[in-house]
Amino acid sequence: YDCIKIPDNYEGYSLDMFCIPKHYENDVESILIPKGLITDRIERLARNICCDVGKGPLVGLCVLKGGYQFFGDLMDRIRTINASGENSVQMSVDFIRLKSYEDDHSSGEVKIIGSDDLSSLTGKYFIFKQDIVDTGATMKKLLNTLTKFKPASIKVASLLVKRTPRSTGYRPDYIGFEIPDKFVVGYALDYNEYFRDLNHICIISETGKKNLLF
Ligand SMILES: Oc1ncnc2c1N=NC2
């Protein structure tokens, strides 16, 4: 499947065109992807996934924290499709957090914490929901770690993929938008835990970067 490619020189929408919480109006440069566009794009991603997954069962794996908004919205659309379509897919969910090993040179694996029981993955179809794939390094490590559990198939859905020279070239199976190499926030994407309560995907301002540092 192809995805929506936002060009490098795209400036986004002015803050005056949409609603931004007052507490962020100085920390955001422009609106890159308004919430409504995200919602409509997710509806199509859900249809693509349902077409491919066949009879399932499907395990939806949410990579916290950044993925929770995308995960919730995508699973909601898949449920709607299941409720109305002629073929439906039984779904379950699991939530994981990732910690890269302290001695980061490690065997290209990441530590997965918080999931119920990864051995339940064996023989199941599954869809990862990732908020953003930047270099793709974490995703590759994660897939390394998970294939050990012999799932029937692993597919990855990412709302965003960054066009960056630092990319490992990893491409998820379902992508919402390909974006320029800029730091984006909102729709659960954070900067030092800020902006998770911002609906639209925005470009952070220089002021924001300075004010909201650790
Ligand atoms: O642009 C980004 N915004 C938030 N979080 C991350 C980003 N890139 N990698 C992680």
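A residue counts as near a molecule if one of its heavy atoms lies within 4 Å of it. By that rule, the ligand is surrounded by Ile-132, Asp-134, Lys-162, Lys-182, Phe-183, Val-184, Leu-189 and Asp-190. This is a predicted model, where local features need pLDDT of at least 70 and side-chain atom pairs count only at pLDDT 80 or more, while totals for chains, interfaces and linings use all residues. Residues are numbered from 1 along each chain as its sequence is written, and side-chain values use heavy atoms, with hydrogens and water left out.

**Polar atoms at the ligand**
- Asp-134 places a polar side-chain atom 3.0 Å from a nitrogen atom of the ligand.
- For Lys-162, a polar side-chain atom lies 2.7 Å from a ligand oxygen atom.
- Val-184 uses its backbone instead: an N or O atom there is 2.6 Å from a ligand nitrogen atom.

**Aromatic pairs**
- Rings of Phe, Tyr and Trp (its six-membered ring) pair if their centres lie within 6.5 Å; planes under 30 degrees apart count as stacked, over 60 as edge-to-face and the rest as tilted.
- The count comes to 6 aromatic pairs.
- Phe-71 and Phe-95 form an edge-to-face pair, 5.2 Å centre to centre with 65° between the planes.

Definitions and conventions
A polar contact is a pair of N or O atoms within 3.5 Å; within protein, one must be able to donate a hydrogen and the other to accept it, and residues adjacent in sequence count only if both atoms are side-chain atoms.
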